[in-house]
Amino acid sequence: MASLCAPPFPLVPQIFYSLFASLSFFSSGLCAGWASQTLVNTLTRTWDWGVWPQEVPWIPATLELGALIACVPVGYAVDKYGRKYVNMTVGFLFLLSWLIVLAADMHPENLYSARVVAGLAMGATSIVVPVYVAEVAEPRVRGVLLTVARAAGVAGLLAMHALGPSVGYRSLVALCSLPPVLFLSTFSWSPESPYVLAAKERWNKATESLASMRTSASTVKAELAQLKQDDRGKPCWTQLHKRPAACTALLVSVALGCLAALAGQSAVLFYSALRLPESADPSFLGPETLCLCLAGASLAGCLCCATFVDLLGRRVLLASSAAASTASMAGLGYVFLAAARCEDERDTCGLGWWFVAALLVWSFSHGLGLLSLPGTLAVELAPTNVRGVVASAGSAAAILGAVLATVAFEMLPAHEACWVFAGSSALCLVLAVAAVPETKGKSLSALQRQLDDKQGLGRAVPTVVVTAPPRVRGDAPLANGIPLQHARAAAAAPAAGAPASVH
């Protein structure tokens with residue numbers, strides 16, 4: 001691997017380590033896609049199994065339950081035990097979930113337990129992989145690699161929608177078990193994050209880890225010196241309020257995570273192709289093809305974000321994504337409303353193309369920033385010793401936002417649910433413009449100093465200059481610039497009251 005660090009390929013190790021870690025996100029996409037594909041295949045009678053249509057929505061619900069359960073312990077474990085070994089555990093959980101599905105023989109109880117295990121792995125992936133990639137990558141490519149990791153999840157979703165309609169139940173599960181095996185066989189060779197090793201004061205290991213990722217010895221020495229200046233306190237939830245950087249990261253992570261999820265991705269993934277008014281039903285596509293097109297548009301948006309995130313910055317892309325998502329989702333709500341009115345008048349109105357266009361534009365716009373940048377900003381802004389805690393808080397907020405979006409789509413008329421999603425995207429736009437700091441091209445340590453200094457709580461200690469009085473005798477010894485006999489007299493003075501003057 002050392003030869004890969006030499007020019008002209010100085011970034012190859014970072015790219016490989018990030019891609020190996022991103023295989024967990026690919027497995028997450030497969031799990032999410034399997035849940036939505038189950039919904040389609042059951043209601044269209046593609047799969048003949050013992051699950052009633054009214055029981056199928058519990059499959060994605062158990063995914064969200066498992067992901068929410070994972071947030072607190074994984075956030076703590078990532079900071080305490082390290083990024084690599086937690087991520088390796090995630091790979092085993094993904095493999096276990098598919099083995100349970102394979103042995104479930106299509107019984108609902110076994111499928112629900114398998115989805116809870118998969119949800120645990122998905123929740124852990126959303127925490128540990130962004131943290132690891134952010135700490136492995138250099139500032140100039142950190143945004144690209146973090147966005148590509150999220151895009152791997154969308155690629156898994158796309159693969160599931162491409163294979164699901166044409167592959168049998170057991171064959172599909174067997175194929176889905178291959179990415180976790182590939183992940184375990186590749187990521188096991190990746191080094192631990194140097195930030196974790198530095199926090200444990202294992203400096204030799206931290207040096208080896210940096211040397212396997214960086215181009216030159218001078219770069220390794222500079223980053224190692226910076227790590228020694230970072231705050232390496234023990235991870236603790238109750239200490240977050242004492243660091244401005246941690247507070248900013250926590251607020252941005254929770255607010256953006258919840259609002260971006262409430263923008264409607266889970267509802268679009270699981271239900272949009274199955275709950276259309278007849279007048280807006282794009283019969284020229286069908287549910288399977290529509291899901292495939294939506295995943296493709298979302299992946300295109302993620303790749304576009306990866307192309308420009310380190311050129312234009314996080315704030316520009318996040319604001320652009322939020323604005324386009326607001327407009328397209330509001331337009332989609334109007335299409336649903338017009339379709340409902342056409343149904344009342346028994347007139348189809350030919351709204352299928354408008355529905356597809358609005359949905360594809362929204363999928364691309366959401367992938368352009370709202371899908372990946374909230375998690376990116378969370379791990380970039382958080383201090384090292386609480387980065388996992390902040391990431392877990394953002395992940396939990398995103399899961400709650402996804403649950404609220406699903407409930408809104410189920411409980412409200414379709415056009416009103418779309419307008420709720422559009423309002424959430426608009427709030428993301430306001431937050432991106434007013435409160436989100438730019439992180440492009442800055443090291444993680446520099447971001448911490450910037451946020452601390454912005455609050456007036458930087459760690460720089462002012463230098464106090466003491467002017468010594470003239471010496472009484474030429475050979476009189478000095479204590480801190482004061483003649484020794486006067487220093488002793490001052491030390492013997494009473495502690496109460498004003499200190500005696502020294503002449």
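The dialogue below goes through how to read several features of a predicted protein model.

Biologist: What is the mean pLDDT of the protein, and where is confidence lowest and highest?

Modeller: The term pLDDT denotes the predictor's confidence in each residue, on a scale from 0 to 100. In this protein the mean is 78, with 73% of residues reaching 70 or more; confidence is lowest in strand E1 (residues 478–479), at a mean of 43, and highest in helix H7 (residues 178–187), at 93. Over residues 457–503 the pLDDT is below 50, and this stretch has 30 contacts in the model beyond near neighbours in sequence, a contact being heavy atoms within 4.5 Å. Because this is a predicted model, local features need pLDDT of at least 70 and side-chain atom pairs count only at pLDDT 80 or more, while totals for chains, interfaces and linings use all residues. Residues are numbered from 1 along each chain as its sequence is written, and side-chain values use heavy atoms, with hydrogens and water left out.

Biologist: How many helices and strands are there in the protein?

Modeller: Helices (H or I, at least four residues) and strands (E, at least two) are DSSP runs, numbered from the N terminus. The protein has 20 helices and two strands, and among its contacts between residues at least 6 apart in sequence, 82% join residues at least 24 apart.

Biologist: What share of the residues counts as buried?

Modeller: Buried means under 20% relative accessible area, exposed means over 50%, and partly exposed lies in between, with a 1.4 Å probe and protein chains only. Of the 503 residues, 53% count as buried. Ser253, in helix H11 (residues 244–262), is one case: its relative accessible area is 3%, so Ser253 is buried. Leaving aside residues up to four places away in sequence, Ser253 touches Ala378, Val390, Ala393 and Gly394, and the side chain of Ser253 reaches the backbone nitrogen of Gly394 at 3.2 Å.

Biologist: With which side chain does the side chain of Gln14 make a polar contact?

Modeller: A polar contact is a pair of N or O atoms within 3.5 Å; within protein, one must be able to donate a hydrogen and the other to accept it, and residues adjacent in sequence count only if both atoms are side-chain atoms. Gln14 lies in helix H1 (residues 12–43) and is buried because its relative accessible area is 0%; the partner of its side chain is the side chain of Glu138, at 2.8 Å.

Biologist: How many salt bridges does the structure hold, and which residue pairs with Glu135?

Modeller: A salt bridge is a side-chain nitrogen of Lys or Arg within 4 Å of a carboxyl oxygen of Asp or Glu. The structure holds eight. In one of them Glu135 pairs with Arg83, the closest N and O atoms being 2.6 Å apart; this pair links distant parts of the chain, since Glu135 is in helix H4 (residues 108–136) and Arg83 in helix H3 (residues 83–103), 52 residues apart. Both Glu135 and Arg83 are buried. Glu138 also meets Arg140 in a salt bridge (3.0 Å, N to O); Glu138 counts as buried because its relative accessibility is 10%, whereas Arg140, at 48%, counts as partly exposed. Another salt bridge joins Arg314 to Asp310, with the closest N and O atoms 2.8 Å apart. Salt bridges that share partners join Asp79, Arg83, Glu135 and Arg387 into one network.
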